[in-house]
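Here is a short note for someone opening this structure for the first time. Please keep the sequence and the 3D view side by side while reading.

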Amino acid sequence: MPHTVLVVEDEPHIVDSLSFLMKKAGFEVFIARDGDAALRMVESRPPDLMLLDIMLPRRDGFEVLKTVRLNQAWRDIRVILLTAKGRDVDRLKGMELGADDFVTKPFSTKDIVRLVRQHLGVEESPA
């Protein structure tokens with residue numbers, strides 16, 4: 001069974017790009033376009049990893065991350081925060097809340113796939 005990735009992002013072109021990349025890499029992909037939808041999806045089917053934007057409608061990524069980390073049943077979900085803000089204070093806040101990694105937009109498609117594979121312990125398939 002393939003690893004599952006929940007893409008939590010409200011920008012349509014980024015959703016499309018991340019979804020395509022993750023599917024191409026062999027992951028099963030789910031999409032949430034706001035923080036509340038993300039938590040509903042995590043509750044119904046916890047993913048192996050979340051690509052979580054910080055700036056989201058309804059509930060921001062920091063709040064989603066905090067909620068996920070407070071729930072013992074979800075403690076093994078890997079969370080990579082995505083943000084257009086590269087400020088150190090945002091990175092520090094994310095890591096303090098329990099993010100596994102932090103990626104600043106725009107990001108390299110090759111790097112994001114490599115990072116997801118790394119956090120899920122998935123070897124890159126030979127070309």
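Predicted model: local features only at pLDDT ≥ 70, side-chain atom pairs only at ≥ 80, totals over all residues.

1. Asp53, the annotated site. An unreviewed UniProt entry carries the annotation "modified residue: 4-aspartylphosphate" for Asp53. Such annotations may be inferred rather than shown by experiment. In the model, Asp53 belongs to strand β3, residues 49–53. Is Asp53 buried or exposed? Its relative accessibility is 3%, so Asp53 counts as buried, the cut-off being under 20%.

2. Surroundings of Asp53. Set aside the neighbours within four places in sequence. Asp53 then contacts Val8, Glu9 and Asp10, along with Gly61, Leu82, Thr83 and Lys105.

3. The Lys105–Pro106 bond. Lys105, one of the contacts of Asp53, is joined to Pro106 by a cis peptide bond. Omega there is about -5 degrees. Pro106 sits in the loop between β5 (101–104) and α5 (109–120).

4. Arg58, a backbone point to check. Arg58 is not a glycine, yet its phi is positive, at about 70 degrees. The residue is part of the loop between β3 and α3. Arg58 has 68% relative accessibility and therefore counts as exposed; the threshold is over 50%.

5. Helices α2 and α3. Two packed helices are described by the angle between their axes and the distance between the axes. For α2 (residues 35–44) and α3 (residues 61–70), the angle is about 20 degrees and the axes are 9 Å apart. Because angles under 35 degrees count as roughly parallel, α2 is roughly parallel to α3. The crossing of α2 and α3 is right-handed.

6. Where α2 and α3 meet. α2 contributes Gly35, Ala38 and Leu39; α3 contributes Val64, Thr67 and Val68. By class, this contact of α2 with α3 has four nonpolar and two polar residues, with no charged ones.

7. Thr4. Strand β1, residues 4–8, contains Thr4. With 5% relative accessibility, Thr4 counts as buried. Which residues does Thr4 touch, not counting those up to four places away in sequence? They are Glu28, Phe30, Arg45, Pro46, Pro47, Asp48 and Leu49.

8. Gly26. The loop between α1 (12–24) and β2 (28–32) holds Gly26. At 46% relative accessibility, Gly26 counts as partly exposed. Gly26 and His3 are 23 residues apart along the chain, and 8.0 Å separates their C-alpha atoms.

Methods: Residues numbered from 1 in each chain as written. Heavy atoms only, no water. Helix = DSSP H or I, 4+ residues; strand = E, 2+ residues; numbered from the N terminus. Buried < 20%, exposed > 50% of the residue type's maximum accessible area, 1.4 Å probe, protein only. Contact = heavy atoms within 4.5 Å. Axes fitted to C-alpha atoms, helices over the stretch in contact; angles between N-to-C directions. Parallel < 35°, antiparallel > 145°, perpendicular 65-115°, else oblique. Left-handed = near helix turned anticlockwise from the far one by under 90°. Nonpolar A, V, L, I, M, F, W, Y, C, P; charged D, E, K, R; others polar.
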